Structure formats: C-alpha cells, structure tokens
Amino acid sequence: MQLYVMAESGYGSESSLRRHGSMVSLTSATSGYSTTSTSSFKGHSLREKLAEMETFRDILCRQVDTLQKYFDGCADAVSKDELQRDTIVDDDEDDFPNTRSDGEFIHNNNGSKEKLFQSLSPKDINGIDFKGEAITFKATTAGILATLSHCMDLMVKREDSWQKRLDKELEKRRMIEEGYKSALSELKKKSHFRSPDYEEGPNSLINEDEFFDAVEAALDRQDKIEEHSHTEKWRIQRSSPVPPGDVYSTMGSHRFADKVEEMVQNHMTYSLQDMGGDANWQLVVEEGEMKVYRREVEENGIVLDPLKATHSVKGVTGHEVCHYFWDTDVRNDWETTIENFNVVETLSENAVIVYQTHKRVWPASQRDVLYLSAMRKILANNENNPDTWLVCNFSVDHDNAKPTNRCVRAKINIAMICQTLVSPPEGDREISRDNITCKITYVANVNPGGWAPASVLRAVAKREYPKFLKRFTGYVQEKTSVKPILF
C-alpha cells in the first residue's frame with residue numbers, strides 16, 4: 001500500500017486521492033474531524049469548502065464501491081463453502097471425519113488434512129482490508145459532516161451580514177425620503193419661488209390651494225396698480241369724430257363678412273334669451289343692477305364655463321357703450337389686464353383683427369388672443385322696440401400672428417349687446433342723460449388653453465368679470481358725462 005502526503009487543507013488534492021486505490025492513508029488525516037470545532041475552518045471561503053465537499057463526495061463514492069465489492073465477495077465465498085460441504089457429506093457419508101481439538105474436520109478416506117470450512121479472513125477476499133476501509137469510510141463521513149457544518153455557519157454569518165446591510169440601506173432610504181419631504185415642504189412655503197416646476201400645468205409642484213393664493217396675491221397687486229393709475233387723468237380722447245350709425249349697419253365685403261354675420265345672428269338669437277327658466281345657469285354674483293350667471297362646462301379637464309351678465313347703466317346709450325368697447329384707441333384706458341395689443345388687419349370701417357397679450361398672473365402662464373372685432377347696429381323690428389348695438393369678438397387665425405411658445409393661445413367668443421331705453425322728459429324739455437338707460441347683456445365663452453385648477457379658474461372668473469363690468473361702465477359714464485348724447 002502506498003501512502004501519500006496530504007495537502008495543506010488536510011484532505012489532499014482531488015488528483016492525488018484518485019491516484020491511490022487504498023483509502024487507509026486518509027485515516028490519520030481525517031479521524032479527528034468528528035471532534036474538530038468549526039473554528040478551525042476560519043480563513044476558508046465558502047467556495048473552497050464546497051470544492052472540498054465535491055472531493056469528499058468522490059472519495060465516498062469509491063469507498064462505497066469498495067465496500068460493496070467486499071460484501072459481494074463474502075456472500076460468494078459463503079455460498080461456495082456450503083456447496084462444497086454438502087458434496088463431501090454426500091460422497092463420504094460412511095467415512096465421517098474426526099474432530100480435532102482445533103475445530104477442524106479431517107477427511108478420513110484419503111487421510112488428507114484439508115480444511116473443509118475455513119474461517120474467512122478480511123484480506124483473503126479480493127485483497128481488501130475491510131477494517132481499514134471501514135475506518136476510512138467513517139473518517140470521510142465525519143469530514144463531510146464537519147465541512148457541511150462549517151458551510152452552514154458561513155451561510156448563517158453571511159445572511160446576518162446581508163441583513164445588517166439591508167437594514168442600513170432601508171434606514172438611509174427612510175432618512176433621505178424624510179429629508180426630501182421636509183425640503184419640499186420648506187420650498188413650498190416660500191412665496192417668492194418662480195421655478196418653472198411651480199408654473200401652471202397638470203404636473204405642477206404647487207397644489208391647488210397654493211395656486212389659488214398665488215393668483216389672488218397677483219390680482220390684488222394689479223388692483224392696487226389700477227387704483228393708483230385711476231387717480232391720474234384719463235388720456236385725451238382721439239380728436240376724430242365718431243362715425244355715424246349707418247356705417248355700422250352693414251358688414252362690408254371682406255373675406256370674414258359671412259362669418260361675422262353668422263356670429264351676430266347667433267348672439268341675437270341665443271344671447272338675449274331670458275334665463276329665468278333655465279336651470280343650467282347659476283347666479284354667482286348679484287350687485288345692484290348687475291347679475292352674473294355661469295354654466296359649468298369642462299372639456300378634457302379645461303374649464304369652458306359660458307358666462308352671461310346683465311346690467312343697467314344710467315346716462316349712457318347703447319351706441320356709446322359699444323363704441324368704447326370696440327374702439328382700440330381707448331382700449332388701454334379701461335382694460336387693465338392687457339400688456340400690449342396691435343391691430344393686425346383692418347377689414348372695414350367696423351371690423352378689425354386684433355392681437356393682444358394679457359398680463360401674466362403667476363403661477364398661471366401668460367395668455368394671448370387673436371380675434372376679429374366687429375361692431376354692428378341692428379335695427380328694431382317695430383317702433384316699440386329699441387335699436388340694438390352689438391360688438392362681437394371671436395377668435396380667428398392669421399398668418400401675421402401665429403401662436404408662439406411664449407404664450408398660451410386662448411380662444412374667445414364674446415359679445416357686448418346694448419339697447420337704449422328712453423324715458424320721455426316732462427313737458428317740452430329735451431332728452432338729457434337722466435332720461436336714458438343702457439340695458440347691457442354681456443356673454444363670454446372662453447377657452448383659456450393650457451391647464452389650471454378648475455376651482456381657480458372659476459374663482460377668478462367670479463371675481464374679475466363683475467369688476468370688469470363695473471370698471472368699464474364707470475369709464476363710459478365718465479367719458480360721456482360732458483358730451484352730447486350719441487344714439
């Protein structure tokens with residue numbers, strides 16, 4: 001039997017183990033594994049221990065094969081001895097052998113002293129040392145169990161290590177999330193932020209209440225500016241006289257004439273209808289003679305609420321109200337929401353195309369509009385009804401004023417419809433401004449474009465439309481108070 005030197009690991013390399021048929025050499029190297037503590041495996045990685053397990057597996061398989069051969073050899077030897085004994089008894093039944101003191105049976109026929117049954121020696125069967133193989137098998141299994149125990153310890157320790165790392169990462173994540181929420185909360189509390197992330201849009205970082213507060217603050221600032229400018233003198237009215245009423249009785253022959261006529265007829269048909277029985281209209285504001293109604297309409301999340309207001313103003317005529325509403329030369333005198341405007345094209349004496357941008361109210365985006373503005377006089381059907389003056393503004397397209405990225409293009413369909421009511425003076429006195437009242441019907445359908453909270457848009461409309469009517473009619477009364485009546 002050849003002995004071989006074990007490797008530093010205590011088990012020997014796989015190649016060296018396979019070169020030797022006998023496993024006796026493993027006895028001295030592995031007999032102590034059953035009592036070796038797992039601390040002796042420190043410094044060995046799990047990968048190394050798994051490689052050793054594979055080596056032990058190969059060794060154990062060969063040992064099992066060797067022991068199985070030994071057991072098979074024992075079984076064959078026993079079968080042969082029984083067969084031989086039966087044969088001798090049958091042939092020499094009369095010459096039964098004598099018994100010696102050492103327990104051996106001697107055949108008496110030929111006087112030979114052969115052993116009939118011999119005790120089986122472990123080394124006589126295929127040259128296998130059963131005792132040595134059994135010891136080696138036990139040592140191998142002990143080594144497997146020890147290595148397996150060490151692998152389990154390594155895996156438990158590694159699991160604990162990963163669990164601690166996971167706990168640390170979860171704690172870091174929690175702290176980062178809390179820090180982010182805290183920073184975001186602090187940022188939202190600042191009133192001066194102007195980041196694009198807080199501007200109008202469905203993904204805006206500013207919530208609905210903060211959006212509303214910001215818009216309210218901006219509108220309040222504009223009101224203060226307006227009050228300050230109102231204390232100054234009105235700009236001198238243009239020197240050119242107001243064209244006679246007949247100029248506004250026709251639309252002319254420009255390319256938008258048919259569209260203007262269609263819009264005028266629609267407003268005369270539907271805008272003057274009484275709203276008393278229409279449950280869809282909601283009264284939102286009532287201040288003296290002025291009443292403002294609204295019908296809630298949304299499309300794709302955009303508020304398109306049609307608005308209708310009725311008002312009565314003493315001392316002015318419908319012609320005067322519509323003239324100042326239509327005339328672009330006096331637009332900046334009463335309209336405080338416009339940043340700038342210009343006439344893109346003059347279609348006729350009573351129809352122009354206007355482009356205007358409105359002052360931005362942060363965090364809402366800035367708006368611009370391009371619309372055709374036409375002024376018409378609608379003659380009464382009979383002498384008991386008054387003539388009707390109308391200005392309609394509706395959105396159009398024009399090559400000289402295309403939409404840009406700087407502003408959100410809004411769409412409008414607005415009408416100012418006015419009728420003059422006259423109460424005859426006593427006696428032969430001339431009609432004065434005390435005897436006239438203008439009945440106003442104002443309708444507005446506006447698509448603001450973009451996106452803003454519906455509650456904010458409705459709140460702004462409820463606040464701004466009444467202010468606009470009061471501001472505009474007050475301006476008209478002031479401008480016409482010292483002028484001749486224009487019917």
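Me: At roughly what angle do the axes of helix H7 (residues 318–326) and helix H9 (residues 454–480) cross?
Reply: Happy to look, bearing in mind that this is a predicted model. The two axes come within 10 Å of each other. Their crossing angle is roughly 110 degrees.

Me: Are H7 and H9 roughly parallel or roughly perpendicular to each other?
Reply: Angles from 65 to 115 degrees count as roughly perpendicular. The axes of H7 and H9 cross at roughly 110 degrees. The two helices are therefore roughly perpendicular.

Me: Does H7 pass H9 in a left-handed or a right-handed crossing, and which residues of H9 make the contact?
Reply: The crossing is right-handed. On the H7 side, the contact is made by Glu320, Val321, Tyr324 and Phe325. Their partners on H9 are Phe468, Phe472, Tyr475, Val476, Lys479 and Thr480.

Me: How many nonpolar residues does that contact of H7 with H9 have?
Reply: Sorting the contact by class gives 1 polar and 2 charged residues. The nonpolar class has 7.

Me: Now to a strand: is Asn340 buried, partly exposed or exposed?
Reply: Asn340 is found in strand S8 (residues 338–348). Buried means under 20% relative accessible area and exposed means over 50%. With a relative accessible area of 36%, Asn340 is therefore partly exposed.

Me: How far apart in space are Asn340 and Thr357, C-alpha to C-alpha?
Reply: Leaving aside neighbours within four places in sequence, Asn340 is in contact with Tyr355, Gln356 and Thr357. Asn340 and Thr357 are 17 residues apart in sequence. In space, their C-alpha atoms are 5.6 Å apart.

Terms used: Residues are numbered from 1 along each chain as its sequence is written. This is a predicted model: local features need pLDDT of at least 70, side-chain atom pairs count only at pLDDT 80 or more; totals for chains, interfaces and linings use all residues. Side-chain values use heavy atoms; hydrogens and water are left out. Axes are lines fitted to C-alpha atoms, for helices over the stretch in contact, and angles run from 0 to 180 degrees between N-to-C directions. Helices (H or I, at least four residues) and strands (E, at least two) are DSSP runs, numbered from the N terminus. Angles under 35 degrees count as roughly parallel, over 145 as roughly antiparallel, 65 to 115 as roughly perpendicular and the rest as oblique. A crossing is left-handed if the near helix is turned anticlockwise from the far one by less than a right angle, and right-handed if clockwise. Contact means heavy atoms within 4.5 Å. Ala, Val, Leu, Ile, Met, Phe, Trp, Tyr, Cys and Pro count as nonpolar, Asp, Glu, Lys and Arg as charged, and the others, Gly among them, as polar. Buried means under 20% relative accessible area, exposed over 50%, partly exposed in between (1.4 Å probe, protein chains only).
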